[in-house]
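I opened my notebook today to look up a few things in one structure. Come along and check each entry against the picture.

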Amino acid sequence: MDTGQELGGTIPRARVEGDAPRLEPMLDLEWSRAIELPQAAMTAATPSELRRAWVHRAPEDSVLALFRASAGMAGPIPAPWWLRAMADGKLDSREQGFRVEDRIAQLLGRRPGWEFVPWAADGESGYWEFMPSERGKSGHAIPTTVMNTDRHEGWIDVLPAHTGPTPDPIPIAGLAGLRSRLGVIEAVR
């Protein structure tokens with residue numbers, strides 16, 4: 001008859017008080033929660049209506065510190081364009097980034113054909129599409145898109161209407177540059 005006594009070495013011992021597992025916060029999970037938007041934000045009609053995440057409301061120094069700590073762990077992480085620009089020393093404050101977004105909204109929001117798209121990539125601030133450029137006379141499947149960027153200090157890129165491979169974005173020299181080129185941008189239909 002087998003008594004099972006030879007199994008004694010394979011049965012784990014009972015936990016004692018000081019033996020509890022040590023849990024540490026995971027930066028990627030913390031960052032994901034920091035940029036998470038409430039479901040209601042997906043109906044935003046302007047960038048200002050989209051600013052509901054922790055990164056938009058928390059103290060700027062805390063946001064920047066968490067971003068830098070999280071970004072150092074695994075390479076590029078999802079983040080608003082203005083935060084990447086701040087981390088690189090190209091933008092002085094989150095408020096400056098908000099101002100850029102709000103001025104674009106004031107310009108495009110009054111013009112016929114432009115629609116704000118709030119469901120951009122995780123952490124991003126949304127973008128604007130010129131709807132007449134989609135499936136118009138030119139037959140493009142993807143409309144002309146205006147988006148913010150940290151690639152250059154004009155902070156605005158235009159992605160031309162297209163079908164097929166995505167073209168390179170066109171850098172725009174700030175709001176004045178966007179305003180001066182709107183006629184050309186809107187001509188694609």
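**Entry 1: Pro38**

I began with Pro38, which counts as partly exposed because its relative accessibility is 37%. My cut-offs are these: buried means under 20% relative accessible area, exposed over 50%, and partly exposed in between, with a 1.4 Å probe and protein chains only. Pro38 sits in the loop between H1 and H2. Helices (H or I, at least four residues) and strands (E, at least two) are DSSP runs, numbered from the N terminus. I then looked up Pro38 with Leu50: they are 12 residues apart in sequence, and their C-alpha atoms are 9.1 Å apart in space.

**Entry 2: ground rules**

I noted that this is a predicted model, where local features need pLDDT of at least 70, side-chain atom pairs count only at pLDDT 80 or more, and totals for chains, interfaces and linings use all residues. Residues are numbered from 1 along each chain as its sequence is written, and side-chain values use heavy atoms, with hydrogens and water left out.

**Entry 3: the whole chain**

I found seven helices and five strands in the chain. Along the sequence, the pattern reads α-α-α-α-α-α-β-β-β-β-β-α. Of the 189 residues in the chain, 37% are buried. I also looked up contacts, meaning heavy atoms within 4.5 Å. Among those in the chain with a separation of 6 or more, 44% join residues 24 or more positions apart.

**Entry 4: helix H1**

Which residues of helix H1 are buried? I wrote down Trp31, Ala34 and Ile35, in a helix covering residues 27–35. Seen down the axis of H1, these buried residues fall within an arc of 85 degrees, so they line one face of the helix. The arc is taken from the directions that run from the helix axis to the C-beta atoms.

**Entry 5: the largest pocket**

I put the volume of the largest pocket at about 270 Å³. It has 16 lining residues, of which Ile35, Glu36, Leu37, Asp122 and Gly123 lie nearest its centre. A pocket here is an open set of points on a 1 Å grid over the protein atoms alone, where a 1.4 Å probe fits, with protein on both sides within 12 Å along at least five of seven lines; lining residues have an atom within 4 Å of a point. Grid points are joined across faces, edges and corners, and the volume is the space filled by probe spheres set on the points. By class, I listed 10 nonpolar, three polar and three charged residues in the lining. Ala, Val, Leu, Ile, Met, Phe, Trp, Tyr, Cys and Pro count as nonpolar, Asp, Glu, Lys and Arg as charged, and the others, Gly among them, as polar.

**Entry 6: Arg51**

Is Arg51 buried or exposed? I have it as buried, at 12% relative accessibility. Arg51 is in the loop between helix H2 (47–50) and helix H3 (54–57). Its side chain makes a polar contact of 2.9 Å with the side chain of Glu101, and another polar contact, of 2.8 Å, joins the side chains of Arg51 and Asp102. A polar contact is a pair of N or O atoms within 3.5 Å; within protein, one must be able to donate a hydrogen and the other to accept it, and residues adjacent in sequence count only if both atoms are side-chain atoms. Not counting residues up to four places away in sequence, Arg51 touches His56, Phe98, Glu101 and Asp102.

I found Ser133 in the loop between strand S2 (127–130) and strand S3 (144–148). Ser133 counts as buried because its relative accessibility is 0%. A polar atom of its side chain lies 2.7 Å from the backbone nitrogen of Thr144. Beyond four places in sequence, the contacts of Ser133 include Ala161, Val188 and Arg189.

Arg189 is partly exposed, at 41% relative accessibility. Arg189 and Arg135 are 54 residues apart in sequence, yet 7.8 Å apart in space, C-alpha to C-alpha.

**Entry 7: Trp155**

I ended with Trp155, in the loop between S3 and strand S4 (156–159). Trp155 has a positive phi of about 65 degrees although it is not a glycine. Its relative accessible area is 8%, so I marked Trp155 as buried.
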